Amino acid sequence: MGEKLREQILMAIDKNSKLTSKDLAAMLGSTEEEVEKTMKDLEAETIICGYPTLINWDKTESEKVTALIEVKVTPQRGQGFDKIAERIYKFDEVESVYLMSGGFDLTVMIEGKSMREVANFVSSKLAPMEAVLSTATHFVLKKYKEHGLPLVHEKSDERMLITP
Amino acid sequence: MKDPLSKTIVGIEPSGIRKFFDIVSEMKDAISLGVGEPDFDTPWHIREEGIYSLEKGRTFYTSNAGLKELKVEICKYLNRRLGVQYDYNHETIVTIGGSEAIDISLRAMLDPGDEVLIPQPCYVSYLPCVTLAGGKPVIIELKVENQFKLTKEQLLAAITDKTKVLILPFPNNPTGAIMEYDDLKEIAKVVEEKDIFVITDEIYSELTYGKKHVSIAEFPGMKERTILINGFSKSYAMTGWRLGYAVGPRNIIEQMVKIHQYAIMCAPTTSQYAAVEALRNGDSDVETMRNAYDMRRKYLINALHEMGLECFEPYGAFYVFPCIKSLGMTSDEFATKLLKEEKVAVVPGTAFGNCGEGFLRISYAYSIENLKIAMERIERFVTKIKK
């Protein structure tokens with residue numbers, strides 16, 4: 001039950017973290033206490049790392065710029081890429097960091113208020129780091145889908161209201 | 001002027017669901033739990049294959065019985081799932097949804113006066129299709145105490161010298177009931193002893209929860225006397241593609257192909273190409289949808305129990321069938337009042353046969369958010385009645 005419930009909870013809240021533990025208990029045939037305890041464990045193990053909200057900022061007044069930066073770095077003896085990745089991800093501007101296979105080492109996603117802010121970050125913070133060999137910055141023009149959810153169009157229920 | 005209409009057709013009652021549909025359509029902000037089709041879109045890779053077939057200009061008829069690739073995939077699928085082997089060339093026909101397969105299998109098998117056993121509550125098409133094929137429908141009323149399963153005793157009691165076909169609609173719409181291995185074993189014995197045939201409508205076969213779907217065709221001696229109907233509508237969320245199939249004994253399928261070739265020609269070509277993709281690469285989509293339905297199913301049963309409504313646990317399809325007899329109203333009264341007062345549409349059990357009286361069909365082909373709001377409203381309604 002334990003392992004299965006953990007997996008079921010993760011699958012259920014992956015796309016909808018608004019579900020309450022009461023809902024989850026009903027949906028998974030468990031109890032509220034059991035669900036709450038399991039979620040606490042998952043949080044403690046940093047399997048659940050947070051409950052963010054997927055917002056399409058393009059539809060709001062606030063200006064946001066997202067950039068994807070390809071970074072080539074020199075891995076450090078004994079620590080590989082982890083140390084340099086950590087130095088990068090600690091910046092508040094950094095949304096995500098991935099270690100990549102292929103032509104470059106790290107993908108760094110930056111969110112800033114303007115292109116200038118992103119440019120400043122790259123030129124004054126990221127590029128000068130000793131371990132960073134080169135950067136290539138790509139600005140995001142439009143977001144279509146994130147975390148498995150489409151951001152652009154909303155589709156209403158087009159089914160007939162009653163069918164046999 | 002002569003009466004232009006056929007007496008047979010005029011004599012057939014319009015579907016009880018229709019009347020309800022008209023009331024619901026008038027209401028703008030009603031939440032409907034009355035739909036008999038998945039809320040998921042057809043998985044994109046399947047749709048994409050349909051689009052690709054159009055781009056390639058595959059816009060011609062296929063052979064009457066269906067595209068060879070599709071028939072081969074259907075037989076592979078049935079072998080994989082049920083362990084029953086069918087010959088794609090002589091024992092398989094691709095139809096316009098499961099609906100056409102129901103119609104033409106009955107027409108291929110019935111002569112005037114032949115009796116067809118229809119367990120109710122059930123999907124609305126069987127009865128009129130039997131009448132249209134010249135047969136005589138004989139209703140078996142399933143009971144909630146048996147979890148709406150067909151029992152051997154009920155079957156034996158309904159069989160006469162004229163009985164030709166038994167329709168087995170499991171997993172069942174509207175009750176969500178399924179027939180398990182031991183249940184079907186008993187039925188299979190009677191079918192063989194009494195020398196009757198079976199049309200098994202397994203359109204919801206992929207949607208069973210925690211219990212494996214079993215087909216009567218798996219039992220010894222049954223493949224020879226069974227037409228198995230299935231399709232893509234429910235399992236792959238492909239209702240609008242209109243695609244189903246039937247497999248069974250060569251002599252029956254041949255006659256079905258004959259009706260199909262004159263009345264229909266062939267199933268839509270685009271849909272057939274998309275269905276090949278569904279069978280080849282769609283297993284994980286089905287599993288994702290099944291998991292989602294299962295969570296909603298548990299959620300609904302729990303919510304109904306919490307508001308004090310009796311509801312047996314259904315293990316198939318995407319319906320729950322709660323009992324409202326304790327509230328002292330008929331299904332029709334309850335559904336009409338619920339719609340007017342709380343703007344939630346459910347289907348009265350009576351739309352699926354007289355023995356559906358006292359029950360409601362609630363579909364869970366809706367998001368949890370939707371179900372949550374609907375359950376809050378139903379609870380408020382039930383509390384008000386109980387006072």
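Which residue, with a positive phi, follows helix 3 of chain B? In this predicted model, the residue is B:Gly57, and its phi is near 80 degrees. Helix 3 itself covers residues 44-55 of chain B and has 12 residues. From first C-alpha to last, helix 3 reaches 16 Å. That is close to the 16 Å expected at 1.5 Å a residue.

Chain B also holds an open sheet of 7 strands. Strands of a sheet pair through backbone hydrogen bonds, either parallel or antiparallel. Here the pairing is mixed, and the strand order is 2-8-7-6-5-3-4. Strand 2 (92-95) and strand 4 (136-141) of chain B form the edges. Each of these edge strands pairs on one side only. On average, neighbouring strands of the sheet are turned by 20 degrees against each other, direction ignored.

One pairing in chain B can be followed residue by residue. Strand 3 (residues 115-120) and strand 5 (residues 163-168) of chain B run parallel and are joined by 3 bridges. B:Val116 has B:Val165, in strand 5 of chain B, as its bridge partner.

A helix also meets the sheet. Helix 4 (residues 68-82) of chain B lies across strand 2 and strand 8 (244-247) of chain B. Helix 4 runs at about 110 degrees to strand 2 of chain B.

The two chains touch. In this contact, 12 residues of chain A meet 22 residues of chain B. On the side of chain A, helix 1 (2-14) and helix 2 (21-28) are the elements that give two or more residues. Helix 2 of chain A gives the most, with 4 residues. The residues on this side of chain A divide into 8 nonpolar, 2 polar and 2 charged.

Notes
Residues are numbered from 1 along each chain as its sequence is written. Chains are lettered from A and ligands numbered from 1 in the order in which they are written. This is a predicted model: local features need pLDDT of at least 70, side-chain atom pairs count only at pLDDT 80 or more; totals for chains, interfaces and linings use all residues. Two strands pair if DSSP finds at least two bridges between them. Axes are lines fitted to C-alpha atoms, for helices over the stretch in contact, and angles run from 0 to 180 degrees between N-to-C directions. Two residues are in contact if their C-beta atoms, placed from the backbone, lie within 7 Å. The expected span of a helix is 1.5 Å times one less than its number of residues. Ala, Val, Leu, Ile, Met, Phe, Trp, Tyr, Cys and Pro count as nonpolar, Asp, Glu, Lys and Arg as charged, and the others, Gly among them, as polar.
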